[in-house]
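Hello,

Here is the structure I promised to pass on to you.

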Amino acid sequence: MLVTLQVRKGLCLEDFPLSQAIKLEKDLDSHTLYIKWRCAHPGLYDVEIYRTEFMESVFNETVEARWDKNNGLCQWTWTSQFPLECTSHSVRIRSRDPLHVGEWSPSSITEGKDIPNNSKIQVYPQDKVVLVGSSTSFCCIVGEGDDFVKMMYENRNERELRLSRRSYAITRTNQSASRPSGNNVVCSSREAMYGATIFVGYPPGDYDLTCDTRDLESAECQWKVGRDTRLYGRRKTRYTLNGRYLLTAVCIIFWESSWILVAENPLGNVELRDSAQLTDRVHPVAPGDLKAGNVNAWNVTLEWTWPFPTYKDLPLICQVQITANAHSDMRNFSRPGLSQVSLLDLQPYETYRVIVRCGSQNNFWKWGDWSPQISFQTKMDRPEVPDIWIWMKSANAGFVLWKVITLKIYVCTVGIMFWNLDGGFDLSWPASANGTLGYVVEWVNTACGLDCTVDWLKVPDGNTSAKIPSRDLIAGVRYTFSLFGLSDEGCELLQRWHGYSKEMVPAQSVLNLEANQYKSNVQLTWGKIPCTSQRGFVRGYNIYLVHISSLRFLTNITDPNVMSYTVKKLSLSSYKFTVKAYTDAGEDGGATVSVNLGPYSDFLIVEILVSLGSMSLFFALIAGVCYKKRNWVKKAFYPDIPEPKLPDEWTATQAPLEVKPSPHSMVQIMERQWDSGKGGLCTVPENDEDGSGTGNEPMDTDSDEPPLLQYYNQVVSNSSEVHPGSDSSSSTSSLASANTDVTYTGIQISGCCYNAATEESAECPGSYRPQMLSEGCQEEPQADLESPGLASFGGYRPQCSWKVDSAEALSFDSSVGSPTSVNSTQFLIPDVSTEDSRNTSTSKWFPSFLSGKTMK
Amino acid sequence: MEGPSDAGVPGRSAAAKALDLARLLHGECARLLDLFRERESFPADHDPEGGRLVSLGRWSDDMSAAEQVWHHRCALRKCLGLLELLIAREEEEEMGGGDEGEYEAVRRAVRERLGHLLFSTAALLDDGDDVGDLSPQHDCAEGRDEVEGSGSFAMKLWMYKVLLELIHWTGSTSKVLCELHSEREAKQEQTDL
């Protein structure tokens, strides 16, 4: 029972924790407050934290405390936004469970730096180092009795928050990297100025640690420094390699086969590792004391030393770079502990510059450093026999050529060791009896005319191959190689080749590209690319169809001699074709031709025939319709002219008008029988005295063309309307007794009509004058009227007689009672000189022409 | 280094040359402070509080111009020591980022010219007979080279004060050199008469 009571008492202790049981510890760097109190087991607690001076709560939550059973303490951690120095904080707690909430403990206080004892101005935090982009809060505690004025971050005012009587705080977010001396936060009070410095940067970003050895004993490690941490001085990155501090990014330590480099600054650290065997990481130092000994005309001995005895047995490969006359060559030598080499095949009396470097021959790691450069001059020697060649341009003319000894020999001998045969020629041939003294390979630009650059190579006896280096040849140039056999007999051409040291794309497109249409096909033809522009062996041609912005491949012609291609079955449109020749190096830029594919002849004929057939069918259809609807057509276009309203005696008879013929002349007017009843026929006034001249003319009775006659009649009718008086006067004396057929047989010059118009205008206006008279010939008819020749114009007489039918000048005596036929095959042209006449004729003549019928 | 003595140069006395040098140095010290303020974004309207870093051990208004120059020279020697300490601390902290900008160039010029001024004034005082038994080795001035407070900002404030001291003492030295120059000119005129 007692035990139970004690246990209950122990549990109840947590309901009222003593004030001294709350222990506060703080970490100023992290603004962290550790709250500890005695407890028997973990549980829920209410924790309240407030700024002591203003009793301003900054935290009040129920938390689950962490319990340490070893010391019987519960702990909870709180991190403040502001440095804990800024002001004092009070903490109180109480226990909580689902059924019970304990009493608040007395408050425990952690003092800030704003207590009265610290009377000077202060700013917190000092010298903090933070990451770029982070936020930091600062507070300024002004001096006792002083007044706060402002806080600035890098000379920029910040809005402050008052934490206590003397403490003011600001928060700067998203900070950028600081200056090398750090960014300053300056607090100004009425009487003082103070501040803090903050350093904003990055953690180390170093990488790529590599260690090797120079002396075969120690390791030299290097690594790459990453991004600038923006931290300097005591905050910059510090390095340790295998636990030893380093001062530079290059360090030398004893070889340990594995290394760990730690780069560290206040914001973090990075660990780099490397491992290797010593023999795999030999990085030789530069050869020392390089000198040229035993200098001769054609060779020299190079010597140098190594600073480390460990190099003595080290297999080394060394490069010797020789430079003379702007030409450089590299020679390799290898040997354990190499420190001497012989340079052969040098040029006499030549100055050379030499540098040497070496690497480990086994498990090569990297080349060592170059030695300092030295120079030497080879000794003089007798010149060699010049290399001579005669290049025959014709049977009895040639060029004597020889090679310059000095440079050529140097280049050849030096370069032959590392000759790159890419692009050169490797020639071989069967042995010839004509080559007892050797051979000569000669090459020359194939396209060259005169003044060619001829080069040659002498091949000793017994050899049947030669290598022509690419450096003696120009890429894209076709060379002709000739092999000559040398013998006691002389020199004989054995073989000839053509070739390019390096083929290039043609410099020019195909020539004369043309496109011709054949029906629906297009034939492309082109010419060869000139030899000098080929720059390689033309292997064939590629044909493309040009689209808007691309080429569509049509075909590949692999025979370079084929220079035409037919593109078949094209539709009618415009096309562009591109032809590109190609060599082994690729295609040229291409030549392009355009063709507009039009309709071809067969298609044209078919098209014409179809058109003609369609038109014929159309006209036949129209004709048929017109025929069937002829009555409607007639009514629509040529309605009947109402009959004139005449006195009864006129209307009583439907017979042709009977005109009483003149006692001297009669004009027979013919018309269709069916028209006679229409009353369209007008009387022609006659005068006994008129037509005396015309009455003697023979009358043409052969023609019976009603339209012309009708036309004539119509005009007469019009005339009669205009001059009814004259009509009535003449109607009684003309047609009744004499019928006259009027037929026009040709274009007649109507002089009488002119007379009528001028001299008898009262009668001519409105009358018809079948044929026009030009102004120039107006005088003649007047004269002809009186002349005897006028009688021969028999066809004209009726008009004249009619025109002047009421004039006194004409007499019809001779024609009285005889029919007269005037046949005219000419078109009857109305007189345009008279306005009335023109109006009348055009208004009636055109429908008459269309209808082909007699006008009424 | 310039020649220590200008006695051979006709027309201008050593005092006048020292005066010109002090005035030039005074201007350069002011420029150096401007550059420091600019680098550190310090407000120009608020100097750090506190007393002088360099103070004279004995001072009396009854001193002759030469004695005043002698005492100022002592202060300048302290200033040079503080400046060299400032330079060492700035370089240790790489406050300039390792590159030499205008601030570092002016700082170097001030240090060198301050050395010249000390040399000139020493020669000036050696040539005169009005200094008495004052020895250059005498501890005539006090200088506080410790930094009040901890942290980089306290260090910067100390540097700020060092530069203020330089301005103060070069300006003050100019004044006493001017008096010395006037005195000696007057004495020279009397001698000439």
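**Where the two chains meet**

B:Glu93 and A:Arg235 are both buried. The two residues form a salt bridge, with 3.3 Å between the closest N and O atoms. This pair crosses between chains: B:Glu93 sits in the loop between helix H2 (65-92) and helix H3 (102-127) of chain B, and A:Arg235 in the loop between S20 and strand S21 (238-241) of chain A. Please keep in mind that this is a predicted model.

B:Glu93 also forms a salt bridge with A:Arg234, and there the closest N and O atoms are 2.6 Å apart. In total, the rule finds 4 salt bridges across the interface of chain B and chain A. As for the contact itself, 23 residues of chain B touch 28 residues of chain A. About 1,900 Å² is buried between the two chains, and carbon and sulfur atoms give 49% of that area. On the chain B side, B:His46, B:Glu93 and B:Phe153 lose the most area to chain A, together 30% of what that side buries.

**Salt bridges elsewhere**

Over all chains, a search of the whole structure finds 40 salt bridges. One of them joins A:Lys36 to A:Glu25, with the closest N and O atoms 3.3 Å apart. A:Lys36 belongs to strand S2 (residues 32-38) of chain A and A:Glu25 to strand S1 (residues 23-27) of chain A, so the pair links parts of the chain 11 residues apart. A:Lys36 is buried, at 18% relative accessible area, whereas A:Glu25 is partly exposed at 29%.

A:Lys224 and A:Asp208 form another salt bridge, again with 3.3 Å between the closest N and O atoms. A:Lys224 lies in strand S20 (residues 218-224) of chain A and A:Asp208 in strand S19 (residues 207-212) of chain A, so their pairing ties together parts that are 16 residues apart in sequence. Both ends are partly exposed: A:Lys224 has a relative accessibility of 43%, and A:Asp208 has a relative accessible area of 40%.

**Chain A as a whole**

Chain A has 12 helices and 48 strands. Of its 856 residues, 44% are buried. Among contacts in chain A between residues at least 6 apart in sequence, 68% join residues at least 24 apart. The accessible surface of chain A is about 45,000 Å², and 54% of it belongs to carbon and sulfur atoms.

An unreviewed UniProt entry places a "transmembrane region" at residues 603-627 of chain A. In the model that span is 100% helix and 0% strand, and its end C-alpha atoms lie 36 Å apart.

**Some strands to look at**

In chain A, 4 strands form an open antiparallel sheet in the order S10-S12-S16-S15. Its edge strands are S10 (122-124) and S15 (161-162), each pairing on one side only. S15(A) pairs with strand S16 (residues 167-172) over 2 bridges, and the bridge partner of A:Leu161 in S16(A) is A:Ala169.

Further along, strands S26 (residues 288-293) and S27 (residues 300-305) of chain A pair in the antiparallel sense over 4 bridges. A:Gly288 has A:Thr305 in S27(A) as its bridge partner. The hairpin has 6 residues between the strands, and A:Asn294 takes a positive phi near 55 degrees there. S27(A) also pairs in the antiparallel sense with strand S30 (residues 340-343) of chain A, over 4 bridges, and A:Val300 stands opposite A:Leu343 in S30(A).

Best wishes

Definitions and conventions: Residues numbered from 1 in each chain as written. Chains lettered and ligands numbered in written order. Predicted model: local features only at pLDDT ≥ 70, side-chain atom pairs only at ≥ 80, totals over all residues. Heavy atoms only, no water. Pairing = 2+ DSSP bridges. UniProt positions renumbered as here; feature names shortened; annotations may be inferred. Buried < 20%, exposed > 50% of the residue type's maximum accessible area, 1.4 Å probe, protein only. Contact = heavy atoms within 4.5 Å. Areas by Shrake-Rupley, 256 points an atom, 1.4 Å probe, with all protein chains shown as cover. Buried area = accessible area lost by both parts, 1.4 Å probe. Salt bridge = Lys/Arg side-chain N within 4 Å of Asp/Glu carboxyl O.
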